[in-house]
Amino acid sequence: MKKLMIMMLALFIGVSASAQTLPDVKVENQEGKVISVRDLVDGTPMIISFWSTTCKPCIAELNAINESLYEWVEEVDMKVIAVSVDDARTLNRARSQGNNWEDLICVYDKNQDLKRAMNVNLTPHAFVVDGNGNIVYSHSGYTPGSEIELFEKIKALK
Amino acid sequence: MKKYLLFLGVALCATFCVNEASAQIKLGENGGQLSVSLDSNNIYYQEDKKLEEFNMDNKREKEFGSNNYLKVDYGIKRFSAGLQVDAFLPALSGYDISKHKFSSTYNTAFVALYAQWEHDSWGIRLGDIYDQFGNGLIFRAYEERALGFNNALEGVRFHYNYENYLNFKVLAGMPRIYDEVSDTLVWGGDLSLSFSDMLGWTDGLVSIEGGYIRRVLNNDETIVNKNHYPAKEFKEDVLNMISTRANFEYAGFSLRGEYAMKLNEDVWGANDDPAKGNVINIDFGYNYKRFSISGTFRRQQNMATPIMLTMYDREKHHIDAGAPVSGIADFGGGNSLNYIPLLTRQHTYSLASLNPYLGCATTTGGEIGGQVDIYYSWRNPKVRGKYWNFHANFSMFNSLDYTDPFGDEIKGKNAWIDANFDVERQWNKTLKTTFLYSYQRWDKEKSIAPKAKYVESHIFVGDVTYKINKKHSLRFEAQYLCSDDYEGDWVAGTIEYNFAPMFSFYVSDMWNCEETDYNYEQLNDKHYLMHYYQVGATFTHSNYRAQIAYGRNRAGYVCSGGSCRYQPAYTGVNFALTITF
């Protein structure tokens, strides 16, 4: 019961919540350098998609986005960040796989700090973030075609 | 059950309330922000006479299992705080927390809290700490819900970075083991220095790193290992470990090496002989346009790092005061301070992961081997909708020489080989096919017998996705495992229908279609023709995801991120719910 009380208390504190913003967490880029996630915010809206090498639907989603992105950017200025949550076991493999998505920006969250900070439970999990770093939409899971919904949300930001 | 409903009710109410609040009350940036997530996985276990008849180990041990995680985070400017409630009501079958608690029907919950302050160049965190040094060879505090592991450090961490080239962190605390905090003290520090950043060289990366970890057990008893013949006695208090690392990257080429060792003798895996340990891990990679190759070489010996060695808390574990304490108690896979994962490819197709490599370091203490991956993507730059993706992968691991508990010398030998090839072809906007071939060879004797008994299998998988229109799609999957040994041939198939972005339905089946000497002996009847069927549906809407499945599940190993746990066979209904705000 005490635990529940703590839980409820924490929730009361948070009733003042507003739109979520992107947390300030460090990840590695494709070259292995440590960068801050906040540095990715540059006024351009973006899709942030969490994936791992052992998650087939994640790779299917990013393949689909990579296929369509060149068409999307003609309609609206945007970018896509693929966040790998692979740990030491598959990190090397993830870097190789990430190399295949030439239009996506790949970052590596090897101890899942960003995943935890953004409260991602299951992959794939995609976020739509506006140019100021506010999270405006998120979606977990992937079914072929659901990437279009993400693009629609980006377009609605205009 | 009542407890579960109460938990779910409160958790759901909490998440919905927050959703309402965040939708309605916008106080702007200064109000800070709240984020809540709920992850709940539940199984009703059904009685399955056929499964029990097939193998007595398949006896149902409980009617209901439920693993739940509620996470609440609040952040304002540089400050953040939060809590995570892990509730096992009771834990699902096969989770190692049941081993730790010596009960499969134990209801338990753990509340972890943290508070954190992040400044420009430094930060401090109190409470629940997740972190790792390098690859995690000496220290990794992490959470793996699919396996039920959580060894977060409950303590304090301070980090500091000077300019962009010096990073330093120190931490101290007591590691968590499943749902309790151990009384083992761990402290250490890690430093990294980037020469490339220091000299302003932006084309590549050159850095060196180093870390130190000290583990102090709260253990004043002499441990008698009765598994060892003759019985051995030892007293274990302190373990010191260091790790040294060097990283290099230039023009698509990368090389990363880590060497870690135990500075003093420590107990290890199989026969608990005190020994020094060491591990070397080398990763390389090369990318050129759409071609990439990467690989890992690793040799490890005696690098097990249990958080708890024995059932020394006699009261907690109901052990008589006078009874001798023997060996490392089986606290399961979550009882580890470091992280030395299996490096073989983790397959997503059921037959390719039917008998995964489980490592020989856990049985013999030592392992040497490596793996290589090659990726190539071929496509016409003008036509995005069509491409070929090729992927080949090879891995091989051998055991090292070791002395078994009876003093016999066992020579090192091959424990695992696999070679995989898969090709993915996007024909046009509507059709995509994947083909996978996997060859696997493993030692049924787990490397501990003088002579290995190899089981070879060839696995073929075909996977077709057909997009009917923008929203509707179908997926078919056919698999065949071909083997002359062990259980013989297996066959499996799946049909999936997706209605984007909300619904997905699937039906699958898998069965052992061949009679072998092994089957006949082990299963003494023709029940090897048992079907492991599944039907399921998933509903997703923005941040809500609900999944329901019914079926019979084969006993086997569930692996996630380089660790595995044994999953007993069961028939039942699985209901999973995930909500994030």
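What pLDDT does chain B average, and what share of the residues score at least 70? Chain B averages a pLDDT of 84, and 84% of the residues reach a score of at least 70. The structure is a predicted model, and its scores are ipTM 0.82 and pTM 0.86. The points below treat confidence, chain A, the domains of chain B, and some particular backbone features.

**Confidence in chain B**

- Over residues 19-28 of chain B, pLDDT stays under 50. For this stretch, the model has 15 contacts beyond four places in sequence.
- Residues 323-328 of chain B also have a pLDDT that stays under 50. Here the model has 20 contacts beyond four places in sequence.

**Overall make-up of chain A**

- Chain A contains five helices and seven strands. Along the sequence, these elements follow the pattern α-β-β-β-α-β-α-β-α-β-β-α.
- Chain A has 158 residues, of which 53% count as buried.
- Among the contacts in chain A with a separation of 6 or more, 68% are between residues 24 or more positions apart.

**The sheet of chain A**

- Strands of a sheet pair through backbone hydrogen bonds, and the pairing is either parallel or antiparallel.
- In chain A, seven strands form an open sheet with mixed pairing, in the order β2-β1-β5-β4-β3-β6-β7.
- The edge strands of this sheet are β2 (34-36) and β7 (135-140) of chain A, each of which pairs on one side only. From one strand to the next, the twist averages 30 degrees.
- Strand β3 (residues 46-51) and strand β4 (residues 79-84) of chain A run parallel and are joined by six bridges. Within this pair, A:S49 of chain A stands opposite A:A82 in β4(A).
- Helix α2 (residues 56-75) of chain A lies across β3 and β4 of chain A. The helix runs at about 150 degrees to β3(A).

**Domains of chain B**

- The domain assignment divides chain B into domain 1 (119-340) and domain 2 (361-532).
- The contact between them takes 20 residues from domain 1 of chain B and 21 residues from domain 2 of chain B.
- On the side of domain 1 of chain B that touches domain 2 of chain B, there are six nonpolar, 11 polar and three charged residues.

**Cis peptide bonds in chain B**

- B:L89 and B:P90 are joined by a cis peptide bond, with omega about -15 degrees. B:P90 is placed in the loop between β3 (79-88) and α3 (97-101) of chain B.
- Another cis peptide bond joins B:A500 and B:P501, with omega about -5 degrees. The loop between β29 (490-499) and β30 (503-512) of chain B holds B:P501.

**Positive phi values in chain B**

- B:K77 is a residue other than glycine, and its phi is positive, near 50 degrees. B:K77 is found in the loop between β2 (64-76) and β3 of chain B.
- Is B:K77 buried or exposed? B:K77 counts as exposed because it has 10 C-beta neighbours inside 10 Å, and the cut-off for exposed is 12 or fewer.
- B:A251 is not a glycine either, yet it has a positive phi of about 45 degrees. B:A251 lies in the loop between β17 (238-250) and β18 (253-262) of chain B.
- B:A251 has 10 other C-beta atoms within 10 Å and is therefore exposed.

Definitions and conventions. Residues numbered from 1 in each chain as written. Chains lettered and ligands numbered in written order. Predicted model: local features only at pLDDT ≥ 70, side-chain atom pairs only at ≥ 80, totals over all residues. Domains from an automatic or database assignment. Contact = placed C-beta atoms within 7 Å. Nonpolar A, V, L, I, M, F, W, Y, C, P; charged D, E, K, R; others polar. Pairing = 2+ DSSP bridges. Helix = DSSP H or I, 4+ residues; strand = E, 2+ residues; numbered from the N terminus. Axes fitted to C-alpha atoms, helices over the stretch in contact; angles between N-to-C directions. pLDDT = per-residue confidence, 0-100. Buried ≥ 20, exposed ≤ 12 C-beta atoms within 10 Å, placed from the backbone.
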